[in-house]
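These are my notebook entries on one chain.

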Amino acid sequence: MKNLILLAVVVAMCGCAPKDYKDATLPVEERVEALLSQMTLEEKVGQMSQYCGVEHVRVRDMRIAQKRKKIAANDDANAYYPGINADTLLRWTEEGKIGSYLHVLTVEEANMLQEHAMRSRLGIPLIFGIDAIHGNALAPDNTNYPTNIGLACSFNPDMAYKIARQTAKEMRAMNMHWTFNPNVDVARDGRWGRCGETYGEDTYLVGSMGVASVKGYQGNLDSQDDVLACIKHLIAGSQSVNGSNAAPTDVSERTLREVFLPPYERCLTEVKAGSLMTAHNEISGIPCHASKWLMEDVMRGECGFEGFVVSDWMDIERLHNLHAVAENRKEAFYQSIMAGMDMHMHGIYWFDEVIELVREGRIPESRIDESVRRILTAKFRLGLFENPYADVEQGAKVRLCEEHRQTALEAARQSIVLVKNDGILPLDVRKYKRVMVTGVNADDQGILGDWSSKQRPENVTTILEGLREVAPQTEFVFVNQGVYPNKMKQEKVDEAVRKARTADLNIVVVGEQGARYMKGRTCGENRDRANIELLGLQEELVRRVAASGKPTIMVVVAGRPQNVEWADENLPAILYAWEPGMYGGQAVAEILYGKVNPSAKMSMTIPRGSGQIGVYYNYKPSHYFHKYLDQNPYPLYHFGYGLSYTTFEYSDLSLSTEKISADGTVDVEVTITNTGERDGVEIAQLYIRDCYSSVTRPVKELKDFARVELKAGESKLVKFTITPDKLQFYNADMQRIVEPGEFKVMVGSSSRDEDLMTASFVVE
């Protein structure tokens with residue numbers, strides 16, 4: 001009898017034994033709960049703690065010691081850990097007090113840190129995050145693609161997917177698992193330094209490119225080629241009160257829901273983005289890092305977000321020391337966690353003070369468990385428990401491989417917009433035998449844009465190098481204007497003017513310096529401007545070179561709009577290259593010499609000057625009711641505008657029906673013909689206007705687009721389908737509805753009225 005009782009006890013004990021979280025055959029949910037049940041409070045909060053990599057800390061401490069100066073509170077790039085060194089971080093890693101690192105830029109450091117994590121009591125692997133914004137370019141020796149603002153000009157979500165997929169492979173080759181991209185905020189102010197990170201000004205285009213990028217990064221989150229995406233920055237930081245990063249944003253809930261939220265919604269409903277990052281700014285007086293309405297009510301409640309929320313760089317602390325909504329740092333941590341924050345992006349006080357908040361009973365440990373579940377779920381899905389290391393030799397075969405290089409080149413070709421051509425392009429090598437090239441970024445890595453490290457020269461083709469490769473029989477005379485537009489020297493401008501007179505043709509490269517490693521960069525994160533005029537002596541350079549009497553072409557390299565109105569009125573050709581990446585120089589040259597037929601269209605409206613800031617294509621009916629006294633009120637280059645070396649004609653626009661119910665659909669058909677002599681790609685755009693509505697609606701909104709390849713003389717029938725979601729808007733009670741009435745359909749080559757054919761239908 002005793003033996004039977006003992007056997008029953010043993011069986012019962014076996015049945016209640018905790019499951020092994022290291023068992024890869026178990027479902028992820030069971031593994032998470034098995035691990036969570038064994039974790040101490042300290043180990044849980046450790047998973048919510050992220051730090052900068054040890055090499056970053058070592059270098060920063062060395063530089064601080066050498067300069068012997070304090071770090072300014074708003075100097076984000078130089079944030080550091082007073083009293084904490086690299087050895088401390090390694091010890092904390094082994095104690096399970098750190099769950100994530102960022103600013104780890106080599107596979108060797110990533111593997112080393114992972115080794116220390118494996119020595120912790122539970123052996124929970126680290127997740128490495130990095131700003132892989134346009135390729136894993138912040139780490140050396142990786143493929144550098146065009147920045148997002150230029151990529152969006154391709155109107156090619158398939159290309160966005162392809163780049164994200166390749167970026168994910170290069171990241172995993174370096175043992176990096178989590179990209180702080182895509183940035184799906186809508187860019188509405190050209191003074192904002194981060195326009196280049198975004199996909200432009202249109203909600204639908206931003207959402208389409210964002211969804212494709214999330215798909216590319218994450219795959220199914222079940223293979224060694226997948227990484228976690230992070231949609232950011234929640235929300236509306238691009239429309240701050242003064243155009244600067246982190247300044248207050250004061251917009252209505254209607255504007256938030258109609259303009260800024262849809263890309264986030266799509267990235268959570270059409271695909272399941274695994275993480276999101278909150279924004280530096282405040283909305284309606286509530287800093288985004290303390291907004292329960294944004295993180296919990298909208299993202300989790302309305303959009304079904306299941307991943308984890310990460311703070312931006314030290315922004316939780318700024319609830320106290322900047323926004324002044326928390327009396328002290330500990331109170332800031334409390335507010336952010338209770339609002340929905342899951343992980344703290346770097347800082348040394350979070351760990352101890354969050355534990356204190358739990359011990360004091362202010363934060364329930366069950367709330368900590370929620371965050372840890374989300375973080376552990378990502379780590380299990382990424383396979384980090386089974387494969388915490390990367391193979392250095394195998395990874396070297398993936399990074400900068402030929403396939404990825406070709407994608408970077410093709411993406412650059414598709415991202416460069418021809419905005420003016422009086423017939424001088426494509427260039428005739430027989431006619432222009434001596435060409436003077438000058439301007440910032442003409443022979444520099446500034447074409448890489450922000451979030452790029454300095455690359456090996458052999459891995460970057462500058463514009464000057466591209467010209468010499470594409471037209472080797474041409475004599476290119478280069479006058480170096482330096483790399484910083486605001487530090488140009490008068491004598492170099494004078495030299496360019498002299499040499500312009502002896503050339504057959506002049507090419508002037510204007511714009512800004514966005515490369516992150518350049519100390520004097522003028523564009524990118526935290527490089528906001530009061531205006532969008534050409535910096536330094538660039539305007540003088542362009543005008544005086546043009547005054548030489550020789551044909552002068554402008555190439556714009558920048559991550560945001562530049563005022564080039566004078567050039568548009570006086571030069572025969574302008575190419576807007578944005579920040580075209582590592583092979584941007586080759587792509588620019590191929591377009592100038594006609595090796596490639598340009599197809600890109602503007603993803604952001606280009607104003608005539610700073611006074612027009614706030615200009616975008618989807619304005620309300622009263623926007624231009626009264627005109628400016630001193631300037632043409634309409635933009636220089638409209639959203640969706642771009643030229644080709646061939647011509648396209650739209651005809652036979654038709655709708656499948658003239659009347660539908662509120663849940664009905666309309667098929668839109670249009671014929672596009674290549675009426676020129678060259679093969680080309682046209683980007684057809686479909687816009688809709690609700691003609692009369694209970695609240696004011698934009699004069700037009702992009703609802704679909706298509707890239708159409710057409711051989712010379714070829715015609716194709718292009719079809720769009722208008723579904724109820726494309727007709728919905730928020731009524732006066734903030735309910736999303738389709739309202740009865742007339743809707744205008746516009747199809748054409750840009751958002752300009754003169755480029756659009758129109759038809760209409762009625763919702764009954």
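Predicted model: local features only at pLDDT ≥ 70, side-chain atom pairs only at ≥ 80, totals over all residues.

Entry 1, conventions. I count two strands as paired if DSSP finds at least two bridges between them. I take helices (H or I, at least four residues) and strands (E, at least two) as DSSP runs, numbered from the N terminus. Residues are numbered from 1 along each chain as its sequence is written, and side-chain values use heavy atoms, with hydrogens and water left out.

Entry 2, the parallel sheet. I looked up β5 and found that it pairs with β6 (residues 275–278) in the parallel sense, over three bridges. Within this pair, Ile231 lies opposite Leu276 of β6. The two strands belong to an open sheet of three with the order β5-β6-β9 and parallel pairing. β5 (230–234) and β9 (308–310) are the edges; each has a single partner strand, so one side of each lacks a neighbour in the sheet. On average, neighbouring strands are turned by 25 degrees against each other, direction ignored. I take axes as lines fitted to C-alpha atoms, for helices over the stretch in contact, and angles run from 0 to 180 degrees between N-to-C directions. Helix α11 (residues 292–302) packs on this sheet and touches β5, β6 and β9; its direction makes about 145 degrees with that of β9. Contact here means heavy atoms within 4.5 Å.

The peptide bond joining Lys232 and His233 is cis, with omega about -15 degrees, and His233 is found in β5.

Entry 3, the antiparallel sheet. A further open sheet of three strands has the order β17-β19-β22 and antiparallel pairing. Its edge strands, β17 (648–655) and β22 (715–722), each pair on one side only. Neighbouring strands are turned by 20 degrees against each other on average, direction ignored. I found eight bridges joining β19 (residues 666–674) to β22 in the antiparallel sense; the bridge partner of Val666 in β22 is Ile722.

The axes of α5 (residues 86–94) and α6 (residues 107–118) come within 6 Å and cross at roughly 45 degrees. The two are therefore oblique to each other; angles under 35 degrees count as roughly parallel, over 145 as roughly antiparallel, 65 to 115 as roughly perpendicular and the rest as oblique. Leu90, Thr93 and Glu94 of α5 meet Met112, Leu113, His116 and Ala117 of α6.

For α17 (residues 402–415) and α22 (residues 584–592), the axes come within 8 Å and cross at roughly 45 degrees. That angle makes α17 oblique to α22. From α17, Leu409, Ala412 and Arg413 contribute to the contact, and from α22, Gly584, Gln586, Ala587, Glu590 and Ile591.

The peptide bond from Leu425 to Pro426 is cis, with omega near -5 degrees; Pro426 sits in the loop between β11 (417–421) and β12 (434–438). Ala324 is not a glycine, yet I noted a positive phi of about 60 degrees; Ala324 is in the loop between α12 (318–321) and α13 (329–339).

I listed 22 helices and 26 strands. The C-alpha trace spans about 105 × 70 × 50 Å along its principal axes.
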